[in-house]
Every structure is written in structure tokens, then in C-alpha cells.
Amino acid sequence: MKKIKIGYVSPVNPEEDRMAWSGTYYNTFHAIRDAGIDVKWISYGTNTFLFKFVTFITKCAYRLIYGKGSSEHSRIMAKVHGLFIKRSQLEDCDVVFIPAQIDMVVGIRTNLPIIYYADGTFKKMINYQWFGYTQSAIREGEKTELLGIAKAKYNFRSSQWAADSTIKDYGAPEENTYIFPFGADVPQERKFSSEPIYKNKSLKLLFSGKEWERKGGNIAVDAARYLNGIGIKTTIFIVGVKELPKQYSGDKFIGYLDKNNGKELKKYLKLYSECNAFILPTRAECAGIVFAEANSYGMPIFATDTGGIGNYVINGVNGYRLPLSATGKDFGKLIEKVYKNREFSQLSKGALKTYSEKTNWKSWSDNFRNFIIKNF
């Protein structure tokens with residue numbers, strides 16, 4: 001393999017921060033390094049007073065010009081933020097890797113080949129996770145996305161859903177568009193046993209998500225209540241959200257856990273070890289590292305068929321996806337069926353297989369190494 005050096009552009013220190021972008025900065029940085037490739041962090045001073053001040057002024061100007069929208073998806077923000085990366089920072093680099101920051105892709109001043117890694121596209125996010133944008137903000141966002149995708153030599157996406165949009169909606173060359181699924185940010189995997197489920201006639205479900213409504217928290221709880229109503233004693237452990245709606249106060253609320261805190265990370269991973277299945281009836285999802293985490297612990301997954309989830313949850317293999325119209329009762333009936341058919345062990349094996357083959361950071365690292373060998 002040709003020896004090259006990659007400049008990794010990130011708003012946080014990717015060597016240390018395990019929380020930003022659900023740990024993706026941290027994990028991709030280390031995966032690149034684990035591939036035997038020299039990589040260094042290209043910082044642009046996001047915590048400095050000057051950066052914060054200039055960003056604030058630019059956001060104000062953006063709102064005056066475009067109204068409600070994503071200021072990062074604008075040429076004015078790209079130009080301003082691009083000034084914070086000095087050309088001298090890239091002098092010893094051969095490639096630039098930019099995860100998620102379309103403004104930096106467009107704004108960075110370099111002739112080096114750029115790898116742009118994202119979990120969605122602007123077009124896919126409008127009226128999916130982003131609502132109420134003005135038409136002028138949408139037009140500007142589309143122009144910025146088009147510029148970024150065209151400027152990137154290679155476009156990495158975390159799912160087929162995102163890759164298809166990159167190619168079809170923005171004209172990216174198919175041969176230079178790659179699917180790199182997210183891996184699990186966990187230190188180990190465990191073997192699953194379905195014996196306690198049937199011996200005790202009980203289930204422990206894990207729900208993990210910061211946004212209660214978007215992640216379908218109410219649907220997950222209703223599923224657990226349905227299962228309790230038919231005689232399968234079910235406890236749902238709720239982690240991620242900082243505050244639970246009052247009507248769900250009787251459920252097992254764990255709250256928000258910080259992965260940068262060793263004690264809280266240990267508590268978070270213990271939930272994966274102790275629970276029997278993972279449920280996330282999310283309304284919108286580009287990918288979801290939590291699915292990779294569930295796979296790593298051999299947990300059957302019950303989710304919705306939306307966004308890029310299909311790369312992480314395969315029907316009948318490691319879990320099931322239901323349509324967005326599915327209710328809590330629908331999810332409950334599905335889990336009841338899996339319970340009565342004694343599918344938990346089979347789905348668990350499928351989860352571990354899915355993890356070992358593609359939703360782990362070692363596979364990401366190996367694929368990245370092969371990509372470098374092929375293209376450089």
C-alpha cells in the first residue's frame with residue numbers, strides 16, 4: 001500500500017471525543033489509523049471566540065437573506081468557515097477526509113482529493129428531519145450540496161438510501177460513491193441466550209434515543225404495554241432522553257448517559273448486556289449507530305422501515321422493520337409472534353453475523369484500507 005497521509009477535518013478532537021455525531025468522528029478517525037494509514041486532525045478553532053463570533057454574525061446574515069434553514073448548507077457559511085483552515089495545515093497531507101460538514105467541503109481551499117462522508121443528503125432531509133425551511137433556503141441548500149458533492153473526489157455514504165440520493169439527485173459518479181455503514185462504538189460483543197426469556201416468561205426491551213417523539217418513544221412504550229397485557233411480562237429501559245413525558249413516568253427511565261464518562265459508558269453498555277431485544281420505532285433515521293451496537297450484542301431489533309435502516313436491520317435475519325404507519329400494538333404483536341415462534345436465538349445469531357460482517361469499525365477500517373489500495 002502506498003504511504004499517504006490523511007488530513008481529517010473535524011469540529012471536535014476526533015482522537016478523544018466519543019460523543020460528537022454519535023461517536024462517528026472518534027470512530028472513523030481511529031478506524032483510518034487502524035488501517036495503517038497516517039492521519040492527523042485538521043482543527044479550525046471551533047471553540048475560539050473569533051470562530052464563534054464570526055459564525056454568529058454569518059448565521060444572522062443567513063437568516064436575513066434566506067429565512068429559516070440550515071446555515072451550514074449555504075455558500076456564505078462555507079466561504080467564512082473555509083477561511084479558518086490554513087493552507088499550511090494541509091501541506092504534508094495527500095488526502096482530505098471531511099465527515100458530515102458540507103460547509104467545509106465547499107469552503108476548504110485545497111486542490112487535494114476530498115473524501116466526503118455523510119449519512120444523508122440535503123434533498124432527503126427536507127420534510128423528513130428538517131421542516132419549515134423557506135424556499136430560498138431550500139434552493140441555497142441544494143446549490144451548496146451540489147457544489148460539495150461535485151467537489152469531493154469520493155463520496156462515502158452510510159447507507160444505500162443515502163448513496164442512491166447522492167448519485168440520482170446530485171449526479172455523483174457511481175464508481176466514486178461508496179457505502180461505508182457505521183460500526184458499533186462498543187469494546188466487546190456478547191453471546192445471547194434466549195433461555196431467560198422463556199423460563200421467566202418475561203422480556204427486557206431497550207429503547208435508546210435523544211429525541212423522544214422522532215425516535216417513536218411513545219410507540220415503543222405502547223408495544224411494551226401490549227405485551228404486558230397479553231401475559232408476557234415486559235420491562236422497557238429508556239435511555240438517551242433527558243426528560244420523559246409525564247404520562248410515561250412509570251416506565252424504567254435511565255435518562256441521558258455520556259459516553260465520554262467512563263462510569264456512564266459502562267452503565268450504558270450494561271443495558272445492552274442485560275436486555276433481550278432493541279426497539280426503535282423511529283419516524284426518521286439516516287442510519288443509527290444504535291443498530292450497530294444492538295447487533296454487536298446479539299440483540300434482535302424491531303424498527304421502522306425508513307431512511308437508511310435497511311442496511312442495519314434485515315427482515316428475518318437480525319430483526320424486523322415495520323412501516324411508519326405501524327402502531328405500538330403492531331410492534332407488540334410482532335414481538336409476540338417472534339416470542340411464540342421462539343425466533344429470538346435465530347435473530348440473535350443473525351445480529352452477531354451482521355455485526356461481524358459489516359456493522360463494526362474493524363470492517364470499516366478494512367474496507368477503507370482496500371479503498372486506499374485501489375484508488376491511491
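Reader: Which helix does Ser 365 lie in?

Author: Ser 365 is part of helix α14, residues 361–375. Keep in mind that this is a predicted model.

Reader: Is Ser 365 buried or exposed?

Author: Buried: its relative accessibility is 5%, and the cut-off for buried is under 20%.

Reader: What is Ser 365 in contact with, leaving aside neighbours within four places in sequence?

Author: Ala 31, Asp 34 and Ala 35. With Ala 31 there is a polar pair: a polar atom of the Ser 365 side chain lies 2.7 Å from the backbone oxygen of Ala 31.

Reader: Changing topic. Which residues make the nonpolar surface patch?

Author: Phe 49, Phe 53, Phe 56 and Ile 57 make a patch of about 470 Å². Phe 53 sits in helix α2, residues 49–66.

Reader: How exposed is Phe 53?

Author: Partly exposed, because its relative accessible area is 43% and that class runs between 20% and 50%.

Reader: Now α12. What span should its residues give, and how far apart are its ends?

Author: Helix α12 covers residues 328–340, which is 13 residues. At 1.5 Å a residue they should span 18 Å, and the end C-alpha atoms are 18 Å apart, so the two agree.

Reader: Which residues of α12 are buried?

Author: Gly 328, Phe 331, Gly 332, Leu 334, Ile 335, Glu 336, Val 338 and Tyr 339.

Technical notes: Residues are numbered from 1 along each chain as its sequence is written. This is a predicted model: local features need pLDDT of at least 70, side-chain atom pairs count only at pLDDT 80 or more; totals for chains, interfaces and linings use all residues. Side-chain values use heavy atoms; hydrogens and water are left out. Helices (H or I, at least four residues) and strands (E, at least two) are DSSP runs, numbered from the N terminus. The expected span of a helix is 1.5 Å times one less than its number of residues. Buried means under 20% relative accessible area, exposed over 50%, partly exposed in between (1.4 Å probe, protein chains only). Patches are made of residues with over 30% relative accessible area and no salt bridge: like charges are joined within 9 Å, nonpolar side chains (Val, Leu, Ile, Met, Phe, Trp, Tyr) within 5 Å. Accessible areas come from the Shrake-Rupley method with a 1.4 Å probe; for residues, only the protein chains shown count as cover. A salt bridge is a side-chain nitrogen of Lys or Arg within 4 Å of a carboxyl oxygen of Asp or Glu. A polar contact is a pair of N or O atoms within 3.5 Å; within protein, one must be able to donate a hydrogen and the other to accept it, and residues adjacent in sequence count only if both atoms are side-chain atoms. Contact means heavy atoms within 4.5 Å.
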